[in-house]
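Open the model in your viewer and keep the selection tool at hand. The stops below go from one selection to the next.

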Amino acid sequence: MVYAAFRSVGSYIPKNILTNEDLEKIVDTSDEWITKRTGIKTRYIADKEESTSDLGLKAAKVAIERARINENDLDMIICATISPDFFCMPSTACMIGKKLGVSNIPSFDISAACSGFIYALAMAKSFIESNMAKNILIVGAEKLSAIVDYSDRTTCVLFGDGAGAAIISATEKKEEAIIDVNISADGKYHDYLITPGCGTNNPCSEEAIKEHACFMKMKGNETFKVAVKTLTNDVIDILKKNGIKSENIDHFIPHQANYRILNAVANALKLKDEQVVMTVSKYGNTSSASIPMAMSDLYEQNRLKKGDLMLLDAFGGGFTWGSAIVPFSPFN
Ligand code: UT7
């Protein structure tokens with residue numbers, strides 16, 4: 001039997017910092033409002049000439065090095081993003097492959113918004129368990145600053161740029177195996193979190209640009225309510241299904257959208273503060289990159305050890321959602 005093991009994680013944080021005080025100068029907002037409602041203090045913004053694949057590439061290189069493999073050992077690249085380098089094609093995964101210097105391996109993007117990293121994990125697990133791949137690079141990379149409307153205070157204070165990546169490899173050791181991944185969606189909420197223009201539904205035009213339709217729009221409060229309920233039920237279900245108690249989880253690593261959402265889910269699970277990984281104050285919401293960025297921080301702080309059990313949980317536009325129970329299984 002072949003299993004899928006989570007071998008390594010890496011991240012890349014762009015160098016430009018955007019503080020709440022900076023945003024106070026752009027829109028009618030305040031550090032007090034942003035902090036109280038979201039927990040966000042800063043977010044990081046990519047350079048103009050840095051594309052999403054540049055961010056993903058840098059995170060991928062760290063993950064590859066930490067997995068003690070090299071680029072040529074990869075046999076698949078999956079990139080989760082809602083801010084791809086190019087509209088339609090080529091995929092950001094293809095661009096990461098090109099920049100890594102690897103070719104002739106399947107490379108493709110996944111569009112599942114903030115749940116994208118868990119969707120990519122589910123795909124990697126399936127490809128490995130069906131013997132179609134041995135070492136898969138999964139990336140969550142976002143240059144959200146390119147699709148944020150900096151005249152809309154209801155969204156621009158929330159999002160940041162960044163990337164995270166992981167190596168998922170084949171193993172015969174059951175104790176190293178990813179225990180379970182659950183992914184799901186419900187398109188009836190498609191207009192709660194949406195980029196209404198510049199797709200085939202409303203192609204790019206002078207009017208679409210004038211209406212700021214090519215930027216993200218969110219019904220924040222409505223999204224908040226569905227997010228809390230869905231994220232909570234999702235993790236309760238996956239723990240129950242696998243007979244694992246919340247006290248046995250070493251690190252709860254949720255998508256970082258809002259500290260109030262994270263606290264509500266953590267309280268429902270009766271998790272202790274030290275079990276909950278919270279990076280939203282530093283990075284804001286980086287969509288598909290937020291979980292691997294948070295995980296990489298944990299690793300760099302020497303808090304993620306071999307055998308530690310991680311519980312992942314994400315929710316995003318679509319709506320999509322997903323959860324996973326993952327032991328950290330580096331090669332040594
Ligand atoms: O990552 C994918 C999933 N995303 C999420 O799960 C995000 C879910 N939503 C949220 O995190 C929260 O709903 C927000 C942080 C987006 C908003 O917080 P809220 O407590 O739901 O606020 P609200 O939208 O109900 O707005 C409350 C008030 C409104 O004013 P009135 O109508 O009460 O006068 C807004 O106009 O706050 C106002 N407001 C702001 N004020 C200052 C909205 N944005 C701002 C702002 N600064 N940036």
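Select helix H3 (residues 52-66), which lies across strand S1, strand S6 (135-142) and strand S7, running at about 125° to S1. Helices (H or I, at least four residues) and strands (E, at least two) are DSSP runs, numbered from the N terminus. Axes are lines fitted to C-alpha atoms, for helices over the stretch in contact, and angles run from 0 to 180 degrees between N-to-C directions. Next, select helix H4 (residues 92-100), which packs on the sheet and touches strand S4 (76-80), S5 and S6; the direction of H4 makes about 130° with that of S4.

This is a predicted model, in which local features need pLDDT of at least 70 and side-chain atom pairs count only at pLDDT 80 or more, while totals for chains, interfaces and linings use all residues. Residues are numbered from 1 along each chain as its sequence is written, and side-chain values use heavy atoms, with hydrogens and water left out.

Now show the sheet itself. Its 5 strands form an open sheet with mixed pairing, in the order S1-S7-S6-S4-S5. Strand S1 (3-12) and strand S5 (107-110) are the edge strands, each pairing on one side only. Two strands pair if DSSP finds at least two bridges between them. S1 and S7 (residues 162-171) are antiparallel, over 9 bridges. Pick serine 11 to find its bridge partner in S7, glycine 164.

Last, select asparagine 285, in the loop between helix H10 (280-283) and helix H11 (290-300). Is asparagine 285 buried or exposed? Asparagine 285 counts as buried because its relative accessibility is 7%; buried means under 20% relative accessible area, exposed over 50%, partly exposed in between (1.4 Å probe, protein chains only). Beyond its neighbours within four places in sequence, the contacts of asparagine 285 include Ile40, Cys114 and His255, where contact means heavy atoms within 4.5 Å.
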